[in-house]
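Here is a walk through one protein chain, part by part. Have the viewer open and follow along.

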Amino acid sequence: MTAAAPDVSVEAPAKINLFLHVTGRRPDGYHELESLVAFAGVHDRIDVRGGEGLTLEVEGPFATALDAGGENLAVAAARALADEAGIRPDARIRLHKALPVAAGIGGGSADAAAALRALCALWRVSVPADRLGALALALGADVPVCLSGRPGIVRGIGERIAPAPALPEAPTVLVNPAVPLATAAVFAAREGPFSAPASFDTAPADAAALAAALSETRNDLAPPARRLCPEIDAVLDAIRSAPSCLIARLSGSGPTCFGLFPSDKAASEAAGRIAADRPGWWICATRLLASPGAGVIAGRND
């Protein structure tokens, strides 16, 4: 049976941490970060329809990796928004899960942000930006930047977001070794001193310029992530060995890694080469999104 058409549909693009510096730790135990966040042209999707009560259906390649119960972030977002608006959380949510789970590309956070956008449209509620931002942060550190849908420099624990310099739509390859990795475990395994804040205030003209700028930065979570998940080294080696690869790096807490390439053809060929060697991995040739990537793509007709 074909699923009924949604009232509202919102894309939830993959989040990529182009760099991530751990700059300190707060008394409450949370780490202070500075990260350049971009979004890619591959995404989950949230569809919502009106209904009695709150339900969630999960479909797609990674549906079986998720719990469709109350702990799902899309459901938590729905309940939090309804509480904020003082209404009943009546909605039928369908999540098309195309991104790997526990992968370091913000899948759950992107889903929560997309649910907030979709349900604001479905329920016709308007929440002040500061309140919506606080609600998003309570759901997770990555949810506010995913809610913005724009490239940004994220600081603190995710609550301070500054616009990033204009980024090119760089051809990108994403590779995940099909091994989940918990963010909390990676932070717990981090050792050594904290990093100084980065300086990233120029607008790279193309993928090569972006890679050159990123070479002055790093991902401070890469060492602990690699210790916990040795498969990351194989992923990075596979990307770096592809002809024309400009830079390869872990995204977020991993284990997904990204590589930047000078052309769509080079990215596509690299993805095909890696897929042939590693058929069990998740591999995607895509592009960075230079414009907002988390908007409402289908709205109510009335």
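The notes below go from strands to helices, then to the core and the charged pairs.

This is a predicted model, so to speak of local features a pLDDT of at least 70 is needed, side-chain atom pairs count only at pLDDT 80 or more, and totals for chains, interfaces and linings use all residues. Residues are numbered from 1 along each chain as its sequence is written, and side-chain values use heavy atoms, with hydrogens and water left out.

**Strands**

Helices (H or I, at least four residues) and strands (E, at least two) are DSSP runs, numbered from the N terminus. Two strands pair if DSSP finds at least two bridges between them. Take β9, residues 257-260: C257 and G259 on one side, and F258 and L260 on the other, are all buried. Buried means under 20% relative accessible area, exposed over 50%, and partly exposed in between (1.4 Å probe, protein chains only).

Strand β7 (residues 171-176) runs antiparallel to β9, joined by four bridges, and V173 has G259 as its bridge partner in β9. Strand β8 (residues 247-250) is also antiparallel to β9, again over four bridges; here R249 is partnered with F258. β8 and β9 make a hairpin with six residues between them, and G252 in the turn has a positive phi of about 60°.

N176 sits in β7 and is buried at 3% relative accessibility. Its side chain makes a 2.8 Å polar contact with that of T256. A polar contact is a pair of N or O atoms within 3.5 Å; within protein, one must be able to donate a hydrogen and the other to accept it, and residues adjacent in sequence count only if both atoms are side-chain atoms.

In α3 (residues 129-139), L132, L135, A136 and L139 are buried. Seen down the axis, the buried residues of α3 fall within an arc of 100°, so they line one face of the helix; the arc is that of the directions from the helix axis to the C-beta atoms. D130 and A138, on the other side of α3, are exposed. The buried residues of α3 pack against α1 (73-85), α2 (107-123) and α4 (143-148), where contact means heavy atoms within 4.5 Å.

Which residues touch the most other members of the largest nonpolar core? Of its 41 residues, they are I46, V48, L81, I93, L116, L119 and W123. Helix α2 gives the most to this core, with eleven residues. A nonpolar core is a set of buried Ala, Val, Leu, Ile, Met, Phe, Trp, Tyr and Cys residues joined through side-chain atoms within 4.5 Å.

L119 lies in α2 and has a relative accessible area of 0%. Leaving aside neighbours within four places in sequence, the contacts of L119 include V48, L81 and I93.

**Charged pairs**

A salt bridge is a side-chain nitrogen of Lys or Arg within 4 Å of a carboxyl oxygen of Asp or Glu, and by this rule the count comes to 17. Three of them are listed here.

| Pair | N to O distance |
|---|---|
| D28 and R26 | 2.5 Å |
| D47 and R45 | 3.1 Å |
| D111 and K97 | 3.1 Å |

D111 lies in α2 and K97 in the loop between β4 and α2, so the pair ties together parts that are 14 residues apart in sequence. D111 is buried at 3% relative accessibility, and K97 is buried at 2%. Salt bridges that share partners also join R45, D47, E59 and R94 into one network.
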